[in-house]
Amino acid sequence: MHKLSSTSISCILYLLDSGESAASIHRQTGYGIATISRLCSEHRPNLSKAPGGRPCDNAVQAAGMLRNQSGKRFSTQTLRRRLKESGMTAVVKKKQPKLQARHKRARLEFAERHAEWTVEDWKKVIWSDETKINRLGSDGRKYVWKEDGEGLSDRLVEGTVKFGGGNLMMWGCMTWDGVGYATKIDGKMDGELYTEILGDEFIKTLEYFGYDIEDVIFQQDNDPKHTSRKAKIWFSDNDVEVLKWPAQSPDINPIEHLWHYLKRQLETYEEPARSVGELWTRVEKEWDGIPVEECQKLIESMPRRLAAIVKAKGEYTKY
């Protein structure tokens, strides 16, 4: 049996002391559950179960917790070093919708129900969603290469304004044959405005690609405006089949990655849009320029996305 290094043992013991279960440590490190359990029995015989409360997220929290439990001081730098030596890497937490037990069950049921669907089946789906686009760029982090000793300059600074600079909301849809019609959302998006978009942009998309309404399946998430009484009546009156979608599941929806593609294109402009109107002009141009192959690549990923949901038993996936 391969002997664990002292740093690997320290890493496992640190995670045990942080309240992680053997299964959780196995997922994070790749070490066998039997090995983790053996180390727990040998080095932490009194650790009968994970302590209450939330596991530590970082070395600072862990050092404080271990100090409180043992009365000894633990260096955060030492903890970080040992975790790094054991092969673990510090990453920025991804923001994902919170999954409750009912969400996980619904996600797993959806994935299992459509596990036999092929790419040919997913080609029939028209994917739809809304997104926010900021005039001054993404809400997330941006990275830039910096030379050693280089001081701050316009190249290294992302300018901000006090009230955010404005943004717009848009609705769009995606098909196997390319992006469909999109629209800027003016005012509050409610059930009435949503049905207007369905009757305009969605129907125009069907007409543009020559789709018969009875041959397509419409996808939307579970936002209240999408499931409103007005929307349900509209779908019924127009004989539209709506894909039953699990809540809290943007990782299953390939159009989410289409939004990322669109926003990356918008970030290639050297100067920010001078107004929301100019921003929308850019959005229209970049939306219409999205390659068909990009849409097809995303839709082709559906079997893999569902397989990931099944493997994770309804939990979060890399998507």
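Is lysine 285 buried or exposed, and what is its relative accessibility? At 56% relative accessibility, lysine 285 counts as exposed, where exposed means over 50% relative accessible area, buried under 20% and partly exposed in between (1.4 Å probe, protein chains only). The structure is a predicted model, in which local features need pLDDT of at least 70 and side-chain atom pairs count only at pLDDT 80 or more, while totals for chains, interfaces and linings use all residues. Residues are numbered from 1 along each chain as its sequence is written, and side-chain values use heavy atoms, with hydrogens and water left out.

**Overall architecture**

- The secondary structure of the protein comprises 13 helices and 5 strands; these are DSSP runs numbered from the N terminus, with helices (H or I) of at least four residues and strands (E) of at least two.
- Of the 319 residues in the protein, 37% are buried.
- Among contacts (heavy atoms within 4.5 Å) with a separation of 6 or more, 73% are between residues 24 or more positions apart.
- The protein exposes about 19,600 Å², and carbon and sulfur atoms supply 50% of this area; accessible areas come from the Shrake-Rupley method with a 1.4 Å probe, and for residues only the protein chains shown count as cover.

- Leucine 198 lies in helix α8, which covers residues 191-209.
- With a relative accessible area of 0%, leucine 198 is buried.
- When residues up to four places away in sequence are not counted, leucine 198 touches Ile203, Phe218, Trp234 and Phe235.
- Tryptophan 234 is 36 residues from leucine 198 in sequence, and their C-alpha atoms are 8.4 Å apart in space.

**Salt bridges**

- Side chains of opposite charge can pair when their charged atoms come close.
- The protein has 11 salt bridges, each defined as a side-chain nitrogen of Lys or Arg within 4 Å of a carboxyl oxygen of Asp or Glu.
- One of them joins the side chains of glutamate 315 and lysine 104, at 3.0 Å from N to O.
- This pair links distant parts of the chain, 211 residues apart: glutamate 315 is in the segment after α13 (302-311), and lysine 104 is in helix α6 (residues 101-113).
- Glutamate 315 is partly exposed at 32% relative accessible area, and lysine 104 is also partly exposed, at 24%.
- Lysine 285 forms a salt bridge with glutamate 286, and their closest N and O atoms are 3.6 Å apart.
- Glutamate 286 is buried, with a relative accessible area of 13%, whereas lysine 285 is exposed.
- A salt bridge of 3.4 Å, N to O, connects the side chains of glutamate 294 and lysine 297.
- Glutamate 294 and lysine 297 are separated by about one helical turn because they are 3 residues apart in helix α12 (residues 292-300).
- Glutamate 294 is buried at 13% relative accessible area, while lysine 297 is partly exposed at 46%.

**A negative surface patch**

- Asp212, Glu214, Asp215, Asp237 and Asp239 form a negative surface patch.
- Patches are made of residues with over 30% relative accessible area and no salt bridge, with like charges joined within 9 Å and nonpolar side chains (Val, Leu, Ile, Met, Phe, Trp, Tyr) within 5 Å.
- Asp and Glu count as negative and Lys and Arg as positive, while His and the chain ends are not counted; the place of a charge is taken as NZ of Lys, CZ of Arg, CG of Asp or CD of Glu.
- Glutamate 214 is in the loop between α8 and β4 (217-219), and its 58% relative accessibility counts as exposed.
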